[in-house]
Amino acid sequence: MTQSVYFMLMTIATVLVMLFQLRTLIQSTSADYYSNITQAVLKLTNPLVNIPLWARARMGSIWIAGFVVAFILSEVVWVLLNFVAMPIGLPLAVIAGAFLFTKSFGYLIIVLLLAQALCSWLPSTRNLSFYFGQLTQPIVAPVQRIIPPIGMIDISLMIVLIALYALNHLIYKVLAAVSQDLMILWAIV
């Protein structure tokens, strides 16, 4: 498999996993149900999320059906890649699926935080900024309790972004200390 085909497949898989993770965020927060983004995500994800086996699955106030589908999808992608194009062994393929799920959620949060910040700067897109703020509120709120906004300036988004980048680097370093294979998997996922 060429590198460009691998990159394309991983990009598609990451976007699909992020779509189902976004579904979980939408369902678990007070995001505007009638927003065009919400409606599009719900319509795209309903066939797999509404399977009776996990449709009503919750952990506290978090509806986890989207996470369940995203995790299964990430595992299936890596197990298939293991058999079809990249024989790394089934245990490493399962670990790579978990890495894909974890990193995709981090990417999703980063994209939402950046979109929220960029939309807040433009007066015509303030409603989008508010919508993205609803989605990221459970993640940003603990930081805002420690460092409240100063007038119109809210540095909590930047602190969460820096924390996500630091966490990614920390995981990479820990995996490098544990196993070279795991470190490489974390880097390529």
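A: Let us begin with a definition: helices and strands are DSSP runs, a helix having at least four residues and a strand at least two. The model here is a predicted one. Over residues 62–85, the chain is 83% helix and 8% strand, with 36 Å between the end C-alpha atoms.

Q: Where does UniProt place the feature "transmembrane region"?
A: The unreviewed UniProt entry places this feature at residues 6–26, 62–85 and 146–164.

Q: How many aromatic pairs does the structure hold?
A: Rings pair if their centres lie within 6.5 Å, and planes over 60 degrees apart count as edge-to-face. The structure holds six aromatic pairs. One of them joins F71 and F101: the centres are 5.6 Å apart and the planes stand at 85 degrees, which makes the pair edge-to-face. Because F71 lies in helix α3 (residues 65–84) and F101 in helix α4 (residues 90–121), the pair ties together parts that are 30 residues apart in sequence. F71 and F101 also belong to one aromatic cluster with F67 and F105.

Q: Is F101 buried or exposed?
A: A residue is buried when its relative accessible area is under 20%. F101 has 18% relative accessibility, so F101 counts as buried. F71, with a relative accessible area of 37%, is partly exposed.

Q: Where is S35 found?
A: S35 is in the loop between α1 (3–28) and α2 (36–49). With a relative accessible area of 13%, S35 is buried. A polar atom of the S35 side chain lies 3.2 Å from the backbone nitrogen of I37.

Q: How much space lies in the largest pocket, and which residues lie nearest its centre?
A: Rolling a probe the size of a water molecule over the atoms shows where empty space is left. In this model the largest pocket holds about 590 Å³ of space. Its lining has 21 residues, and Q116, S120, S129, D154 and L157 lie nearest the centre. Helices α4, α5 (126–146) and α6 (156–178) each supply at least two lining residues, and α5 gives the most, with nine. By type, the lining of the largest pocket divides into eleven nonpolar, eight polar and two charged residues.

Q: Which elements give two or more residues to the lining of the second largest pocket?
A: The second largest pocket has about 280 Å³ of space. Among its 14 lining residues, T102, K103, G106, L164 and N168 are the closest to its centre. The elements giving two or more residues to this lining are α4 and α6.

Conventions. Residues are numbered from 1 along each chain as its sequence is written. This is a predicted model: local features need pLDDT of at least 70, side-chain atom pairs count only at pLDDT 80 or more; totals for chains, interfaces and linings use all residues. Side-chain values use heavy atoms; hydrogens and water are left out. Rings of Phe, Tyr and Trp (its six-membered ring) pair if their centres lie within 6.5 Å; planes under 30 degrees apart count as stacked, over 60 as edge-to-face and the rest as tilted. Buried means under 20% relative accessible area, exposed over 50%, partly exposed in between (1.4 Å probe, protein chains only). UniProt positions are given in the numbering used here, feature names are shortened, and annotations may be inferred rather than shown by experiment. A polar contact is a pair of N or O atoms within 3.5 Å; within protein, one must be able to donate a hydrogen and the other to accept it, and residues adjacent in sequence count only if both atoms are side-chain atoms. On a 1 Å grid over the protein atoms alone, a cavity is a set of points where a 1.4 Å probe fits but cannot get out, and a pocket is an open set with protein on both sides within 12 Å along at least five of seven lines; lining residues have an atom within 4 Å of a point. Grid points are joined across faces, edges and corners, and a volume is the space filled by probe spheres set on the points. Ala, Val, Leu, Ile, Met, Phe, Trp, Tyr, Cys and Pro count as nonpolar, Asp, Glu, Lys and Arg as charged, and the others, Gly among them, as polar.
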